[in-house]
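Welcome! Here is a short briefing to read alongside the model, with the cut-offs spelled out as they come up.

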Amino acid sequence: MTEKELLAVACEQFLGKNVQDVKNVVLQTLEGHLRSILGTLTVEQIYQDRDQFAKLVREVAAPDVGRMGIEILSFTIKDVYDKVDYLSSLGKTQTAAVRRDADIGVAEAERDAGIREAECKKEMLDVKFMADTKIADSRRAFELQKAAFSEEVNMKTAEAQLAYELQSAREQQKIRQEEIEIEVVQRKKQIDVEEKEIIRMEKELIATVKRPAEAEAYRIQQIAEGEKVKQVLIAQAEAEKIRKIGEAEAFVIEAIGMAEAERMKLKAEALQQYGEAAQLALVLDALPEIAAKVAAPLSKVDEIVILSGESSNTTSEVNRLLAEIPASVRAITGVDLTKIPLIQKATGAQA
């Protein structure tokens, strides 16, 4: 190799050696790789595909000799032979295979010839079928064209008939329109006559019915208005009466309220003057009524049974209830009954 780096490698490997020594090193390297590749191929592969074999040798050996600074420009195999005539036997086998392939080729040629003949017959039948089909298509197209012509003739005939009927209908419509116009003119004249008759009848009705009816309606209206005014006056009088009665009742209620207020004021002043004794008297006066209200539910009870301990009796229970009365009255009215000597005595004896 001529590259500087690889040339330096070649100098390092072969400096001081002659040409033959270089040849021997390269030859041994290639022979080694040749043997390694031969171990991976069959004899048939080596014999039948020498170019592939040489290519493998170049690819495998090129890196090794390249590291020595040597480049493989070409590598060919001139001949492959053996000492036991194995390769020659392969030639005979190939010859037999060629003969066999030739026979097969002849048979295939004859077969292809038969196939070609059949294809020709088929093509002929196809051509005949296509010709028959075209004839049938022509006949069908003729029939279709004929039917189309007939359809067109029928359509034209129908259009002509329809046009005649439309024209006839237009003429009939014109005639009817003129008849309607004549009827309208006659109807207008009749309406004019009827309107004149209506005007005459209205005038007659005004003279004979409307005017007397208006007079009667005016009389009834005047009577109704008088009755309405009467009712309004009566209602106003009734309202004034009710107002007067209400004012009198309000005055009475106000007087009663003022008297009651004065009574309560005097009572309050008296209570204030008499002090606790008067208040106590009021409470004592109210106690029977309070007791009656409290005991009202007990009036419906037939019998009362008091349950107490062994050492208790009815008297002690009654005394206990009496002792609780002042506290209850004080809770209700705010008055302390224990200040009354009799109550003090009763509660003291109970205690």
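The points below go from the whole chain to single residues.

This is a predicted model, in which local features need pLDDT of at least 70 and side-chain atom pairs count only at pLDDT 80 or more, while totals for chains, interfaces and linings use all residues. Residues are numbered from 1 along each chain as its sequence is written, and side-chain values use heavy atoms, leaving out hydrogens and water.

**Overall build**

- The protein chain has 8 helices and 0 strands; helices (H or I, at least four residues) and strands (E, at least two) are DSSP runs, numbered from the N terminus.
- Read from the N terminus, the order of elements is α-α-α-α-α-α-α-α.
- Of the 351 residues in the protein chain, 8% are buried, where buried means under 20% relative accessible area, exposed means over 50%, and partly exposed lies in between (1.4 Å probe, protein chains only).
- The accessible surface of the protein chain is about 29,200 Å², and carbon and sulfur atoms account for 60% of that; areas come from the Shrake-Rupley method with a 1.4 Å probe, and for residues only the protein chains shown count as cover.
- Taking contacts (heavy atoms within 4.5 Å) between residues at least 6 apart in sequence, 57% join residues at least 24 apart.

**The annotated stretch**

- UniProt, in an unreviewed entry, places a "coiled-coil region" at residues 168-204; its positions are given in the numbering used here, feature names are shortened, and annotations may be inferred rather than shown by experiment.
- In the model, residues 168-204 are 100% helix and 0% strand, with 53 Å between the end C-alpha atoms.

**A buried histidine**

- H33 sits in helix 2 (residues 19-38).
- H33 counts as buried because its relative accessible area is 14%.
- Leaving aside residues up to four places away in sequence, H33 touches V60, A61 and D64.

- V84 belongs to the loop between helix 4 (50-66) and helix 5 (86-274), and V84 is exposed because its relative accessibility is 66%.

**Cysteines**

- Searching the whole structure turns up 0 disulfides (pairs of cysteine sulfur atoms within 2.5 Å).
- C11 is partly exposed at 39% relative accessibility, and C120 is partly exposed at 36%.
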